[in-house]
Amino acid sequence: MKRRDFLKTSGALIVSFAAVDVAQPLRAAFAQGPFDTRNSGVDPKQLDNWIAVNADGTVTAYTGKCELGQGIMTAQMQLVAEELGVPLSRVKLVQCDTAVCPDQGTTSGSQSTPTNFNERNLAQAAATAREALMQLASQRLGAPSDRLTVAGGVVSVRGDAAKHVSYGELVGGRKFNLTVNAAAKRRTPDQWAILGKPAMRADMVAMATGTLEYVQNVRVPGMLHGRVVRPPSHGATVVSVDEASVRAMPGVVKVVTCKNFVGVVAEKPWQAIQAARALKVNWSGGETIPPHATFYDYLRKQPSRDAVVINSRDVEAKLTASQSTLKATYLYPYQMHGSMGTSCAVADVQGNTAIVWSSTQSAYPTRSGVAMVLGIPAENVHVIFTRGSGCYGINGADTVSYDAALLSHAVGKPVKVQLSRQDEMAWENYGFATVIDQRAGVDASGAIAAWDCESWSVSKGGRPGYNQPGNVVTGELVGFEPATITPRGAAEPTGELRNGSNAVPSYVVGCISGKCGGAGAVKSERVLTHTIRSPFYTGPLRSPARLQNTFAHECFMDEIAAHVKADPVEYRLKHLSEPRLVDVVKAVAKAANWQPRAFPNRGNAGRGIATVAYEGDNGYVAMIAEVSVDAATGRVHVKRIVVAQDCGPISNPDGMKNQIEGGALQGLSRALGEEVTWDDHKVTSIDWRTYHSLPLGFDVPVIESVLINRAGVEATGAGETAITLVAAAVGNAIFDATGARIRQVPFTPERVKTAIAGNPAKSQA
Amino acid sequence: MNITLTVNGRAQTVDVDPATPLLYVLSDELGLRGPKFGCGLGQCGACAAIVNGRAVRSCVTPVSTVANAQITTLEGLGTPEKPHPIQQAFIDEQAAQCGYCLNGVILTAKAYLDQNPKASDADVQQALSTVLCRCFTNTRMLRAIKKYQEKRS
């Protein structure tokens, strides 16, 4: 399922409450979905809820898609400036404040650009506003609209410069009282003056000078500081809390216990930290976690929820009839968001009303979640999105919003909570560990005759949405159930191919009942997925499942190419049908000056290619990585990464480059070092010594971006494209360099050495 | 206990437990936005402050050990209207995504280059090997630092 489809339907999810007494009277209020205004009070059909022209001619826009570091604030400001014909400097953007912004669900899934830059929502509101302003100007100036031009927020009559009127004079400070017009004409990319050009980040100066307010900087009069005390292991429950153990400590205001949620509130942050450390809590029980060393084998043996994504029903026969067959298994670990700053929120709960300053990606869902956790109506909760540390998916922002709300509720005063590094890392919603089995058959011509893929992945919790606060740790600690897996066999696919998780490789036709939605040529195809209950919370981590699947597909494609002694680029092109994917593969090969040569190259220097249609149709990207491998140490040095990307019309080319560069290096860190680890009872990767991120100072590869700016198509996301390819491109390059195939992420020096030992490099004849 | 600190050129007296890490004094008592909590373990750099010319990890530096020292935070370098040259280099290169790490990156690089103006790229890399940027804006940040180094020499 595509995440955007999920968002459309998530209001219908079955709700399971543990603490029914709290939630029951409010259930009706939570049965809302995104873009549903029943509970938001901000009607997205009303133009005034998106755009306001102020008396001084400045424009304030309201959005439900917020800045997480990816640059979407600036891009949305460009959009509004472009559509309205005002300078960028005169646009102000209010982001994800539930008192004034429309509910646009969650800022996630590379959906902010598709949602707000195509013919709907913010873009359409801005276009409506422009048409309304032109109409008003036409009346005021006594000239037909087609004779009017706009520059700098001033409308003038062509050929009669004396006749002009500013936006401020037309509506300044008053409401439009119009509904958003779905037919209002958008400016086209060939008319763009502000969009499509590199724009400086509107927040850059404040970030560089230490003046930007992050949620970690929010200060409210009378604010106290809270600290949570998490269980010693998953599933442990509170037996008793010895409040006397901290009563005499300086500054301690209160010890708060709510079912298995424990926290302390103190006057100062350092006091809260010390009290939380000193607090004696008697815990009992706790789950035993399946051993880390054999976890991938464990996954295969569990009851699972299955899905057949695609099935031509002839795969076994075609494999049997093939000239030769290949199989391989790929392993991908749990990884974490590992935000630079630990998650933080400030809550001010007074009676049955609450204000929460939060860096959540989901302002409205967090509003509902806080309401459920506190047992108050969602209407009484005001969530004010405030910038946080980059999150890359669901970090601790939602859970710490509940923490702050619970502690503030207990003391009746505003409370700030910032998680410890360990509490952030041990309890966040990890990216999915995944096992992927691949099989392929090759015909006499060397073409792929059949492709079979079967995967095992994990799930527990996830985004809380509007009605499942138990999907993150704090919600479960206070008694709400997390979403979990109900084992179920798979039904055959119906409808049309949905490749939102990139479970289906790009090289198959993707046909369901004669309708083919794949990007490739291989007709015999099957993809079967199993989802298993995870011992840890899981949730979307930048390119969720798409990265895991693409690692397996693109490495296996390389294995097949090597098997038939074909050039990896030519072999891909031979099996692709999607023109936009073909274009990016050709573009990246050209930019990297890829010429066919011996494959694998060996000699400890190599190159690897990978490509993907992100989520099937949300961005087209190809990457070539060039590496050298030290066979003695197993160390991989990535020298150069070239990326070609087509995400439709580009809003901010520099912003897109920044996303490509960051995605490429974050992908490299995940490919080379990052892995969640645990012992029998607890997570052991709890800081930057035990969870291995690439630092700022390492041998940073040269990164080159080729941006394919395609007009006439919808704009797609660009934040998760590059990262999806890195593990595959680097894995393929390691093979080219050494002849050794590495099928397990991360590519630690030990694993690379082991792979090389299993495939001793042969001297080239 | 009263402790006097000179922060961004201004002497300030705070009444705190002397074991309190400097970070909490800067961010909570003094309300500064530059230094940030990243790990509380001195592993990531987000909390960096320049103390008597050297970048220190304020999250593991008891405030009592820096009494009377000269302390500079990110907002003490320059202002939005008049950024310090290293801040300007970051602005020119658009070297940030979420910006949370910028405090540690900029202060660590500045303190290092002030002490080692002729440092090689490898030296700078080494100096930044205990600083994290989880958005991985490395290429732009290293370019900005290089620009600043060239400009200041």
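The structure is a predicted model.

Taken as a whole, chain B holds 6 helices and 5 strands. Read from the N terminus, the elements come in the order β-β-α-β-β-β-α-α-α-α-α. The radius of gyration is 15 Å, close to the 15 Å that the globule rule gives for 153 residues, so chain B is as compact as a globular protein of that length. Laid along its principal axes, the C-alpha trace of chain B spans about 45 × 30 × 25 Å. As for the inside, buried residues make up 58% of the 153 residues in chain B. Among contacts in chain B with a separation of 6 or more, 59% come from residues 24 or more positions apart.

Next comes the sheet. The 5 strands in question form an open sheet in chain B with the order E2-E1-E5-E3-E4, and the pairing is mixed. At the edges sit strand E2 (10-15) and strand E4 (54-57) of chain B, each of which pairs on one side only. On average, neighbouring strands of this sheet are turned by 40 degrees against each other, ignoring direction. Looking at one pair in detail, strand E3 (residues 48-51) of chain B runs antiparallel to E4(B), and the two pair over 4 bridges. Within this pair, Ala49(B) has Val56(B) in E4(B) as its bridge partner.

H4(B) lies across E3 and E4 of chain B, and runs at about 30 degrees to E3(B). Helix H4 of chain B covers residues 102-115, and it also packs with helix H6 of chain B, residues 138-152. The angle between these two helices is about 35 degrees, and their axes are 11 Å apart. The crossing of H4(B) past H6(B) is right-handed.

Which residues of H4(B) meet H6(B)? From H4(B) come Val105(B), Ala109(B) and Leu113(B).

How values were computed:
Residues are numbered from 1 along each chain as its sequence is written. Chains are lettered from A and ligands numbered from 1 in the order in which they are written. This is a predicted model: local features need pLDDT of at least 70, side-chain atom pairs count only at pLDDT 80 or more; totals for chains, interfaces and linings use all residues. Axes are lines fitted to C-alpha atoms, for helices over the stretch in contact, and angles run from 0 to 180 degrees between N-to-C directions. A crossing is left-handed if the near helix is turned anticlockwise from the far one by less than a right angle, and right-handed if clockwise. Two residues are in contact if their C-beta atoms, placed from the backbone, lie within 7 Å. Two strands pair if DSSP finds at least two bridges between them. The radius of gyration is taken over C-alpha atoms; the globule rule is 2.2 Å times the number of residues to the power 0.38. A residue is buried if 20 or more other C-beta atoms lie within 10 Å of its own, exposed if 12 or fewer, and partly exposed in between; C-beta atoms are placed from the backbone.
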